[in-house]
Amino acid sequence: MTTALQTSGLSKRYGHGLALVDCTLSIPARHIVGLVGPNGAGKTTLLHLAVGMLAPTSGTIEVLGGRPASGPAQLAKVGFVAQDAPVYAGFTVADHLRFGAHMNPGWDAALARDRIDQLGLDRRQRAGKLSGGQRAQLALTLALAKRPELLILDEPIASLDPLARSEFLRSLAEYTASRQVSVVMSSHLVSDLERICDYLIVLVASRVQVAGPVTDLLASHGQGLEDLVLDYMSRATRSSTPPAPQPIPEA
Amino acid sequence: MTWLTWRQFRAQVIAAAAAAAVLAILLAVTGPHMAHLYDSSGIATCTGVSCGPISNTFGNELPWFDTVIYLVGLGIMFLVPAIVGVFWGAPLVAHEIEARTLPLTWNQSVTKTRWLAVKLGLVGLGSMATAGLLSLMLTWWSSPMDSTLEIPYGHRLLLERLGPVLFATRGVAPLGYAAFAFALGVTAGMLTRRTVSAMAATLGGFAALQFAWAEWIRAHLVPPVTVIVPLNPVSISVLGVKDGFMTLQAAPALTQQGAWILSGQVIDISGHPAQVPAIPACLGTNSAACAASLARLHLRELISYEPASRFWTFQWVETGIFVALALALAATCIWWLVRRIA
């Protein structure tokens with residue numbers, strides 16, 4: 001069984017502050033993984049390390065058996081939607097589809113087209129004029145149509161209204177149900193994740209508190225997912241002296 | 001990558017092409033008449049002092065708008081490399097940092113190194129092509145006026161083709177400047193991460209280098225020629241008296257057309273800088289008596305200059321240096337990108 005994400009003693013330091021400390025994980029492939037933790041816990045840092053936008057200060061990280069962003073083949077295997085779903089404000093929706101097609105040899109034009117039609121997006125519309133929900137859906141479409149083996153989503157729905165949130169999760173679940181794909185998705189809200197995740201990582205104060213399949217975690221705790229996460233969060237803040245959460249510089 | 005570069009840069013390409021087309025039409029309409037005036041004036045075949053009146057006649061026959069186009073053309077050629085650096089180079093990476101689009105761009109199936117290399121290469125070549133095309137058109141159009149303005153007889157305005165005004169605006173040199181200014185802009189954008197700061201840094205840095213280069217560096221690219229010429233005592237002027245000796249200065253007595261004179265020094269018969277004790281006639285108003293006294297000393301002038309025939313040597317050397325500097329900056333950008341991720 002291949003692993004989607006494997007880290008060993010992974011740490012990241014910005015100046016004097018630690019954003020991620022001694023993170024050791026081994027996430028099997030074909031899971032929908034929820035990465036949960038409060039703001040500033042180090043979620044974005046971990047995800048940026050996984051896509052190669054950041055280099056580790058110490059430790060190692062392997063994604064689908066390769067070094068993150070080490071070459072075109074590795075990049076093609078990983079789809080990434082960054083926080084706030086960035087798109088080119090001056091490009092139209094159609095331009096974004098052309099962009100995806102030109103930048104990815106494995107581009108699935110039919111998939112992209114169908115999703116845009118389903119979402120009811122106007123192709124001539126400039127991306128800068130889209131609503132937050134539409135922009136997130138466009139960014140997700142770009143990430144999906146490159147046919148990644150692993151999809152990494154950084155707070156994809158944090159800034160969306162409840163309806164757009166629900167739509168986003170539904171279309172993501174629809175996609176993953178029909179394909180062999182792994183997903184790692186971060187959020188500071190457990191409720192966002194419990195609908196679709198079958199694997200959970202709780203990251204608090206730059207450290208991984210617990211990681212495992214949701215069914216195992218629930219079996220050993222015998223309570224709801226929300227309570228379980230809250231329990232780990234409060235335990236982490238009580239015990240040891242966690243380093244103060246560091247602001248994460250935007251890429 | 002080529003598609004993305006084109007899509008993000010096409011507005012600039014269209015604007016530059018439109019501006020170049022307007023200029024081309026203007027030059028094509030007015031150029032032949034000027035060339036005709038030049039050919040019929042006889043400047044091309046004149047020699048020595050006779051060129052003075054001929055060039056003045058040519059200057060008087062020129063329509064007023066030719067003079068305007070000539071001056072505007074000089075301005076355009078000075079500005080184009082700076083504009084390329086400020087508006088094409090500086091925002092290239094800085095704008096993507098500000099718009100936070102790099103996480104999108106860098107997570108397609110193209111490495112960020114290739115992304116930057118292609119953008120630097122294509123937009124850099126576009127910058128050079130733009131400057132090269134404009135320089136080609138204006139160099140051709142201006143050549144009759146350029147060759148008249150370097151005739152040193154009785155003309156109000158003397159512009160040597162190697163001098164600071166004409167050299168930087170003619171031939172292939174603007175190509176090198178454009179490449180360099182563009183690379184400077186990209187580098188500034190990557191270091192400051194702010195478009196506006198990068199634009200200001202590029203403009204300031206490039207203008208300072210342009211000035212310093214013309215003032216202190218260009219003359220040393222090829223060692224100048226030195227020559228000793230006899231001096232007409234009438235042309236010697238006394239600037240003052242220091243420690244009982246007169247400080248003498250003479251207008252360069254070199255009549256070689258287009259020569260870029262770097263320095264002229266009054267020397268005595270043995271070749272040393274002239275040490276002439278104060279002559280009372282020269283301190284008063286009796287210039288004839290002064291000239292007669294100076295004539296007995298057989299003073300000469302040591303002139304160092306760059307002959308006009310070296311124009312293309314200088315052009316290629318300077319273009320080569322600026323293109324090499326541009327490549328070094330581009331390499332720095334890629335190194336910086338690899339070392340400092342995100």
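**Notebook: strands in chains B and A**

I began with chain B, where β2(B) and strand β3 (residues 245–250) pair in the antiparallel sense over six bridges. The model is predicted: local features need pLDDT of at least 70, side-chain atom pairs count only at pLDDT 80 or more, and totals for chains, interfaces and linings use all residues. Residues are numbered from 1 along each chain as its sequence is written, while chains are lettered from A and ligands numbered from 1 in the order in which they are written.

I noted the terms. Strands (E, at least two residues) are DSSP runs, numbered from the N terminus, and two strands pair if DSSP finds at least two bridges between them.

I looked up one position and found B:Ser237 opposite B:Gln249 in β3(B). I then traced the sheet, which is open, has three strands in the order β2-β3-β5 (chain B) and pairs in the antiparallel sense. In chain B, β2 (236–242) and β5 (276–277) each have a single partner strand and stand at the edges, so one side of each has no neighbour in the sheet.

Next I turned to chain A. Strand β3 (residues 32–36) of chain A is mostly covered, with five of its five residues buried (20 or more other C-beta atoms within 10 Å of a residue's own, with C-beta atoms placed from the backbone). A:Ile32, A:Gly34 and A:Val36 point one way from β3(A), and A:Val33 and A:Leu35 point the other way. In a regular strand the side chains alternate between the two faces of the sheet.

I checked the partners last. β3(A) runs parallel to strand β7 (residues 182–187) of chain A, joined by five bridges, and A:Val33 has A:Val184 as its bridge partner there. β3(A) also pairs in the parallel sense with strand β8 (residues 199–204) of chain A, over four bridges, and A:Gly34 stands opposite A:Leu200 in β8(A).

Terms used. A residue is buried if 20 or more other C-beta atoms lie within 10 Å of its own, exposed if 12 or fewer, and partly exposed in between; C-beta atoms are placed from the backbone.
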